[in-house]
Amino acid sequence: MSKFTHLHVHSHYSLLDALPKISELIESAKKDEMTALALTDNGNMYGAIEFYKKCKKAGIKPIIGIDAYLAVRSRTDKQSGIDSSRFRLVLLAKDINGYKNLIKLVTSAFIDGFYYKPRVDKELIEKYKDGLVCISPSFSGDIASAVKNQNLNQARELITWYKKIYGAENFFIEITYHPEIPSHEDKMKSLVALAKETDTQIVAAHDVYYINPTDRLARETLISIQTGSNRSEKNSLDGAEEDFSFITQKQAQKYFKNLPEAIENTQRIVDMCNLELDLGKWVFPNYIVESGLSYDDEFRRIVFEGFEIRGIEKTKEALERAEYELKVIKDKGYAPYFLVVADLLR
């Protein structure tokens, strides 16, 4: 029996949309004897390092990703009534290159693409595609939306485009199990049929927003705060009391018993994602010293040049303090950092 891994998971860093703390997600994974877990918060990587460290400590393979907001047009288009809508796209880092590309995507989404939410677009996707696994979500993905609107030609075109960008081996269509949501099962059947027709991989997921099914009302309260609506108003997807809890492997096997390849592909993706971060070390810039001096000697020169520029008297106390600070900086190896700062202050 193939193992199931959660690859579409939100923590409380999906602000006003999800409940679980990272430690709670990891605890749930450990309890169910899962060996890997992904974190895909809404358009951000706020929890990435915390998640990575805690997963490593718990003996769980961390898979870092994002649940990106995809602009319906360009990320620079911000027209009311049109660009407030958006699709979703799950991206997972396979390696350090993919991790860096996630950072670039998120940064550009906030700086250039923010309109209600931080948005990426096809231009950014093409630019920062390397080292990533791409999953088109079953709810708000552009392919699923095209299928829901019975525009199969558009769905086929999108599949072709994603495969061209990421490679067929790195692209998956997400399949989820929500019989409590009207018409969802029919949409999943259509997605599976389309995947078979286009020879596209499918992957099982459960889009986690809270740990236990009973937490649904708490999440609805969050969404009410986010949208400014009353909790008595229906905020749930398609108006149903849906379940987006942290399902177990046993539940997943039951839900996807007719689609074993969807379960198997969660493990395939786990095997593809092998990100290793080198944490706890200083990373200094490659500062070029034009004079040819060492970093420490160049910084010493700048420090004593500062005495002259600022008209500071070279008293015994001032010189002793300067020498002490220079020694600390030399012992710690901080000179390259301070040289950059000195350049910025000039």
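Helices here are DSSP runs of H or I with at least four residues, strands are runs of E with at least two, and both are numbered from the N terminus. On that basis the protein chain has 13 helices and seven strands.

What you see is a predicted model, in which local features need pLDDT of at least 70 and side-chain atom pairs count only at pLDDT 80 or more, while totals for chains, interfaces and linings use all residues. Residues are numbered from 1 along each chain as its sequence is written, and side-chain values use heavy atoms, with hydrogens and water left out.

First, the chain overall. Its C-alpha trace spans about 80 × 45 × 45 Å along the principal axes. Of the 346 residues, 49% are buried, where buried means under 20% relative accessible area with a 1.4 Å probe, protein chains only. Contact means heavy atoms within 4.5 Å. Of the contacts between residues at least 6 apart in sequence, 76% join residues at least 24 apart.

Next, the interior. In soluble globular proteins, nonpolar side chains tend to be buried together. A nonpolar core here is a set of buried Ala, Val, Leu, Ile, Met, Phe, Trp, Tyr and Cys residues joined through side-chain atoms within 4.5 Å. The largest one has 65 residues, and those with the most contacts inside it include Leu37, Leu91 and Tyr166. Helix H6, residues 152–166, supplies the largest share of this core, seven residues. Another core, of 14 residues, lies apart from it and has Val90 and Cys273 among its members.

Which residues does Leu91 contact, leaving aside neighbours within four places in sequence? They are Ile64, Gly65, Ile66, Leu102, Leu105, Leu132, Val133, Cys134 and Tyr166.

Asp17 sits in the segment before helix H1 (22–31). Is Asp17 buried or exposed? Its relative accessibility is 10%, so Asp17 counts as buried. Beyond four places away in sequence, Asp17 touches Asn42, Tyr209, Arg219, Leu222, Ile223 and Gln226.

Last, a helix pair. The axes of H11 (residues 295–309) and H12 (residues 316–332) come within 11 Å and cross at roughly 155 degrees; axes are lines fitted to C-alpha atoms, for helices over the stretch in contact, and angles run from 0 to 180 degrees between N-to-C directions. H11 and H12 are therefore roughly antiparallel, a label for angles over 145 degrees. Among the residues that meet are Phe299, Val303 and Phe307 in H11, and Leu319, Leu326 and Ile329 in H12.

Definitions and conventions. Parallel < 35°, antiparallel > 145°, perpendicular 65-115°, else oblique. Buried < 20%, exposed > 50% of the residue type's maximum accessible area, 1.4 Å probe, protein only.
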